[in-house]
Amino acid sequence: MYTPVDNRNAISIDAARKLIEENIQPLTLRTEEIKTSDANHRVIAEDVKANHDLPTFRRSGYDGFACLEKDLDKFPVQLKVVGDIPAGANFDRPLVSGEAVRIMTGGYVPDGADVVVMLETTKMLDDDTLEISERQKRDNITQIGTFFKQGDTLLAKNTEINPGGISLLSAFDIQTITVYKKPRVGIITTGSELLQPGDEIVNGKIFNSNGPLIKALCQENGAEVVGYTQIKDDPELLKNAISDLQGKCDVILTDGGVSVGDFDIIADLAKSADKMLFNKLEMRPGSVTTSFIDKGIIYFGLSGNPGACFTGFYLYVEYALRLLEKQQSRCRQCLGTLNEEYTKTNMYDRILRGQYRIDQDHIEIGRVGGDQSDNLNNLQRATCLFEIPRGDSITPKGSVLRTWLLPFK
């Protein structure tokens with residue numbers, strides 16, 4: 001019989017997240033160089049500088065005609081059209097007084113020209129004679145270096161790159177970029193009740209749904225899963241599984257074995273760790289979610305109940321994974337307005353899985369499916385978590401509650 005962990009002191013959600021933040025910063029951030037085209041949602045490890053001016057040539061802001069400002073002293077004015085400059089073309093001589101060239105948006109403005117007249121203010125009198133009917137308010141020319149000068153910072157260190165950033169770097173032909181390596185995660189799912197995929201269904205046994213859930217959540221939220229295993233409730237098997245992951249991981253995640261019974265092997269393991277962060281939380285479900293640090297690895301013991309596992313991941317593990325890359329959580333905390341009365345009460349704050357919708361001046365939230373922690377019926381459909389305050393009073397419709405909008409939903 002295993003000895004359950006003792007001295008469980010419940011702390012708040014915010015206190016637990018603060019402990020994670022205070023203790024995860026010292027972990028080493030490793031870097032690697034990758035293709036810019038593969039860098040979406042990766043975090044830049046050093047400032048990226050412009051290797052040339054942008055634009056590198058004077059560009060036309062409109063379809064029209066490039067000419068000299070001094071020729072536009074009276075209207076209408078007639079100029080000789082001496083060429084065309086489509087996008088991507090050059091013009092091999094300076095423009096002189098009395099001349100104009102047809103030019104496309106983004107086209108090269110030749111030397112000598114200092115204004116682009118918009119097409120709408122012109123007409124062709126014959127094949128090479130242009131008439132301009134009104135003065136331009138601007139020169140309609142984007143000058144060299146308008147957007148960036150050589151040496152300017154394009155993207156700062158610790159920026160999470162997105163498709164817009166990839167576009168920007170590509171404009172400077174920056175083909176590789178140095179980023180932080182993804183946090184390395186090992187996942188151990190525990191439970192003597194777990195079947196292997198393909199096993200025959202028998203009484204008392206269930207298929208492992210938490211393991212695939214945790215693995216997919218880790219990958220979706222930017223982690224590299226370097227180990228994934230399923231074991232029975234056995235301290236020696238757990239010890240061996242952890243030994244296999246040590247030196248390979250920044251984070252080790254387990255599910256199950258963290259409650260208050262005789263087979264709480266994760267909770268028991270936490271007693272010998274280098275530093276306990278928390279082993280009880282003032283929340284339902286998942287009050288026994290546990291976190292500790294041992295040998296430089298941060299551990300999270302998530303509940304074996306799917307709903308509690310799902311909730312614990314977003315409130316604590318996702319938060320830690322983002323901190324490892326010097327980023328804020330993608331779970332956007334806000335206030336939501338409850339769309340129906342909630343009658344259950346609890347001594348701890350209850351975190352419900354729900355859906356939200358933006359309704360003009362507020363965010364409306366409500367439950368989706370059941371709220372039992374062992375119910376999987378809403379994990380696919382949940383787009384937010386929201387907090388029902390502890391106490392012995394019902395939570396009325398219209399209550400304004402702390403809400404976390406989930407990423408990638």
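Contact is taken here as heavy atoms within 4.5 Å. The structure is a predicted model. The mean pLDDT of the chain is 92, and 95% of its residues reach 70 or more. Residues 1-5 have a pLDDT below 50, although this stretch has 17 contacts in the model beyond near neighbours in sequence. Where pLDDT is low, the predicted coordinates should not be read in detail.

Helix H3 spans residues 210-220, and its buried residues are Asn 210, Gly 211, Leu 213, Ile 214, Leu 217 and Cys 218. These residues lie on the same side of H3, because they cover an arc of only 160° around the axis. An α-helix has 3.6 residues a turn, so residues three or four places apart point the same way. After H3 comes Gly 222, with a positive phi near 90°.

Val 251 belongs to strand S17. Val 251 counts as buried because its relative accessibility is 1%, under the 20% cut-off. Leaving aside residues up to four places away in sequence, Val 251 touches Arg 184, Val 185, Gly 186, Ile 297, Ile 298, Phe 300, Leu 321 and Leu 324. Between Val 251 and Val 225 the C-alpha to C-alpha distance is 9.7 Å, and the two are 26 residues apart in sequence.

Arg 322 is part of helix H6. With a relative accessibility of 4%, Arg 322 also counts as buried. Its contacts, not counting residues up to four places away in sequence, are with Glu 160, Gln 327, Gln 328, Ser 329 and Arg 330.

The second largest pocket holds about 330 Å³ of space. Its lining is made up of 17 residues, of which Leu 238, Lys 239, Ile 242, Leu 269 and Ser 272 are the closest to its centre. At least two lining residues come from each of helix H4 (235-245), helix H5 (265-270) and strand S20 (290-294). The most are given by H4, which supplies six residues to the lining of this pocket. By residue type, the lining of the second largest pocket consists of nine nonpolar, three polar and five charged residues.

Conventions: Residues are numbered from 1 along each chain as its sequence is written. This is a predicted model: local features need pLDDT of at least 70, side-chain atom pairs count only at pLDDT 80 or more; totals for chains, interfaces and linings use all residues. Side-chain values use heavy atoms; hydrogens and water are left out. Buried means under 20% relative accessible area, exposed over 50%, partly exposed in between (1.4 Å probe, protein chains only). Helices (H or I, at least four residues) and strands (E, at least two) are DSSP runs, numbered from the N terminus. The arc is that of the directions from the helix axis to the C-beta atoms. pLDDT is the predictor's confidence in each residue, from 0 to 100. On a 1 Å grid over the protein atoms alone, a cavity is a set of points where a 1.4 Å probe fits but cannot get out, and a pocket is an open set with protein on both sides within 12 Å along at least five of seven lines; lining residues have an atom within 4 Å of a point. Grid points are joined across faces, edges and corners, and a volume is the space filled by probe spheres set on the points. Ala, Val, Leu, Ile, Met, Phe, Trp, Tyr, Cys and Pro count as nonpolar, Asp, Glu, Lys and Arg as charged, and the others, Gly among them, as polar.
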